[in-house]
Each structure stands twice: as C-alpha cells, then as structure tokens.
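Please read this briefing with the sequence and the structure side by side, and find each residue in the view as it is named. The points are grouped by topic, so that each group can be checked before you move on to the next.

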Amino acid sequence: SVLDETLNGLKVIKGFNAESKFSSIFRNSTSRLYKFANDLAHRQNLASPTSEFIGIVVIAVILLYGGRMVLVDGSLTPDEFITYMALAYNILTPAKAISKASYKVKSGNASAERVLEILKTESSLKDLPNAIIKDEFTSDIKLNNISFKYKDETVLKNFSLTIPKGKSIALVGQSGSGKSTISNLVTRFYDVNKGEISIDGQNIKDITKKSLRNLMGIVTQDSILFNDTIANNIKLGTQNATEDAILEASEIANANEFIQNLPEKFNTNIGDSGNTLSGGQKQRLSIARAVL
C-alpha cells in the first residue's frame with residue numbers, strides 16, 4: 001500500500017521535494033516486514049527439528065517399554081513387537097503432516113478473514129422489493145426540501161431545486177457547501193435524511209439503482225480512467241456501443257482530434273489511470289464516456 005500510494009502520488013512528491021520523507025516511510029515499512037518475515041522463518045525452521053526430536057523420543061520410549069514387555073514380562077512376542085514398531089513409525093509421518101497442515105489452515109484463515117470482511121459487506125442502500133425499472137427521462141428532476149448529514153453536521157438543510165429537461169444547471173458555492181453531495185444524492189450513492197428526490201415525479205427510492213444510473217452520465221472532478229484502450233474506456237457504461245456511436249461521442253467531447261493523432265487511434269492503450277494522456281485529454285475522454 002505504501003508503494004501504491006507513492007507511485008500514484010509521484011508528481012506531488014517530486015513537486016514538494018518530499019522524496020526523503022517517503023523514502024523513510026518505505027524503509028520503516030520494509031524493516032517491519034523484514035522483522036516479521038524473520039520471526040516467521042525462525043518458527044518455521046524450528047518446527048522441523050522439533051518434530052524430528054519429538055519423533056525420536058516417542059520411538060525411544062516405545063523401544064524401552066516394548067523391549068521390557070518382550071524381554072522381561074514376556075507379554076509380547078518379538079514379531080508382534082516389530083510389527084507394532086513398524087506401524088508406530090508409519091504413523092509419525094502423517095502426524096507431522098497434520099501439524100504442518102493446521103499451520104497452513106490458520107495462515108489461510110487469517111487472510112480469508114480480511115478478504116471476506118470486504119466481500120460480505122452489504123450495501124446499506126438496497127432496492128425496494130417492488131422497485132420499478134425506469135427506461136427514460138422525460139420532464140424534470142426535483143429536489144424537494146431535502147436534508148442530509150454525513151455524521152452529525154447537517155450538510156444540506158431544506159434544500160429545494162427543480163431541473164427541467166434540457167436545461168444546464170450550475171451549482172455555485174464555497175468548498176464544503178454541499179455541491180458534490182447533491183450529485184451524490186441524485187445518483188443515489190447516499191439517501192436523503194429528509195425530503196425526497198424525484199425524476200419525472202417518481203421518487204428515486206422507488207426506482208432500481210441500476211436503471212437510475214443507466215439514465216445518467218458522470219464526469220468526476222478527477223478523471224478516472226482504466227488501463228485499457230480508448231474505445232473500451234469510452235464505452236464503459238454502454239458495452240454494446242457501435243464504432244460510429246463512439247466516434248460521435250468523442251467528437252461532441254472534442255476528443256476525436258487528439259485520438260486520431262495517436263498511433264492506434266481508438267485502439268491505443270492509455271496505461272494505468274490513463275497516465276499516457278494529458279490532464280485535458282483525460283477529461284475529454286471522461287466527457288465522451290458520459291455523452292455516450
């Protein structure tokens with residue numbers, strides 16, 4: 001995670017001459033890993049000689065006790081004793097294998113717990129049992145006296161807004177005034193605490209999340225792109241889009257000009273997070289994706 005964070009923020013780290021700080025963080029992280037790996041290796045290396053020593057002790061005890069039964073008491077015949085010794089020795093190997101297996105099971109469980117904790121986390125925003133599928137947007141979006149808070153502090157209080165179809169609405173305000181929150185509520189990444197948001201008079205809580213988001217295109221402040229071709233990034237939300245539709249969307253977003261100058265045009269791979277493109281080019285691809 002330290003490596004990932006460092007590589008993703010490389011521009012900022014270099015810009016603020018913070019290489020030494022992150023080098024120190026990395027050294028501390030690797031020294032902890034080194035210590036833990038060594039402790040683990042020591043225990044693993046001790047396991048084999050310990051089990052061998054215990055095995056020898058067990059065989060020695062059986063030899064002493066069995067030998068006495070054969071030679072002194074006469075309660076056991078020599079051939080029975082040899083058979084018993086052979087069986088006892090054959091049991092030792094699987095017994096050691098069981099101890100190694102139990103260690104591996106514990107190790108696997110520790111990893112599984114961390115992964116399953118994430119996989120089993122259920123979304124708090126569930127579709128209603130009778131939620132409808134909405135296929136088109138016809139009249140307006142209404143925010144009716146909505147209030148919302150993330151924790152204790154209310155971000156939006158009794159806020160109302162009507163957005164008619166075909167109109168462009170700009171939300172202007174200082175940082176933290178709730179502009180991004182409104183977009184997160186309309187796309188139903190969160191639910192309002194009071195009031196309601198409706199599309200064409202239908203409360204968005206009564207619409208399935210999938211069909212609601214199918215009606216929307218989102219362009220985020222930071223352009224989020226994926227290590228894939230330009231065409232696949234544009235058609236992310238519309239997998240069955242034709243080449244003509246992709247071309248039209250890129251022209252509307254003013255992205256086609258720079259795409260045509262790339263070596264493989266729409267089939268050019270843009271690298272991790274689209275880092276082979278400039279900031280403006282990434283933004284235009286994001287807009288083309290939303291347009292499509």
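This is a predicted model: local features need pLDDT of at least 70, side-chain atom pairs count only at pLDDT 80 or more; totals for chains, interfaces and linings use all residues.

Two strands are said to pair if DSSP finds at least two bridges between them.

- Four strands make up an open sheet, in which they follow the order 2-1-3-4 with antiparallel pairing.
- Strand 2, which covers residues 154-164, and strand 4, which covers 202-203, stand at the edges with a single partner strand each, and therefore one side of each is left without a neighbour in the sheet.
- Strand 1, residues 140-149, pairs with strand 2 in the antiparallel sense, and seven bridges link the two.

**Helix 4**

- Which residues of helix 4 are buried? They are Phe81, Met85, Ala88 and Leu92.
- These buried residues of helix 4 pack against helix 3, which covers 19-73.

**Empty spaces**

- Rolling a probe the size of a water molecule over the atoms shows where empty space is left.
- When the whole structure is searched for cavities of 30 Å³ or more, one is found, and the volume of the largest cavity is about 40 Å³.
- The residues that line the largest cavity are Leu185, Tyr190, Asp191, Val192, Ile197, Asn203, Ile204 and Lys205, and by class this lining holds five nonpolar, one polar and two charged residues.
- The largest pocket has a volume of about 1,700 Å³, and of the 42 residues that line this pocket, Thr187, Met216, Gly217, Ile218 and Val219 are the closest to its centre.
- At least two residues of the lining of the largest pocket come from each of strand 2, helix 5 (179-186), helix 6 (209-214) and helix 10 (279-291).
- Which element gives the largest share of the lining of the largest pocket? Helix 5 does, with six residues.
- Sorted by class, the lining of the largest pocket contains 22 nonpolar, 13 polar and seven charged residues.

**Single residues in loops**

- Asparagine 254 has a phi near 55°, which is a positive value in a residue other than glycine.
- Asparagine 254 is found in the loop between helix 8 (243-252) and helix 9 (256-260), and it counts as exposed because its relative accessibility is 55%, where over 50% is required.
- Lysine 265 likewise has a positive phi in a residue other than glycine, with a value near 50°, and its place is in the loop between helix 9 and helix 10.
- With a relative accessible area of 37%, lysine 265 is partly exposed.
- Aspartate 135 lies in the loop between helix 4 and strand 1, and at 68% relative accessibility this aspartate counts as exposed.
- Although aspartate 135 and serine 211 are 76 residues apart along the chain, their C-alpha atoms are separated by 6.7 Å.

**Lysine 209**

- Once its neighbours within four places in sequence are left aside, lysine 209 is in contact with Ser123, Leu125, Asp127 and Arg188.

Definitions and conventions. Residues are numbered from 1 along each chain as its sequence is written. Side-chain values use heavy atoms; hydrogens and water are left out. Buried means under 20% relative accessible area, exposed over 50%, partly exposed in between (1.4 Å probe, protein chains only). Contact means heavy atoms within 4.5 Å. On a 1 Å grid over the protein atoms alone, a cavity is a set of points where a 1.4 Å probe fits but cannot get out, and a pocket is an open set with protein on both sides within 12 Å along at least five of seven lines; lining residues have an atom within 4 Å of a point. Grid points are joined across faces, edges and corners, and a volume is the space filled by probe spheres set on the points. Ala, Val, Leu, Ile, Met, Phe, Trp, Tyr, Cys and Pro count as nonpolar, Asp, Glu, Lys and Arg as charged, and the others, Gly among them, as polar.
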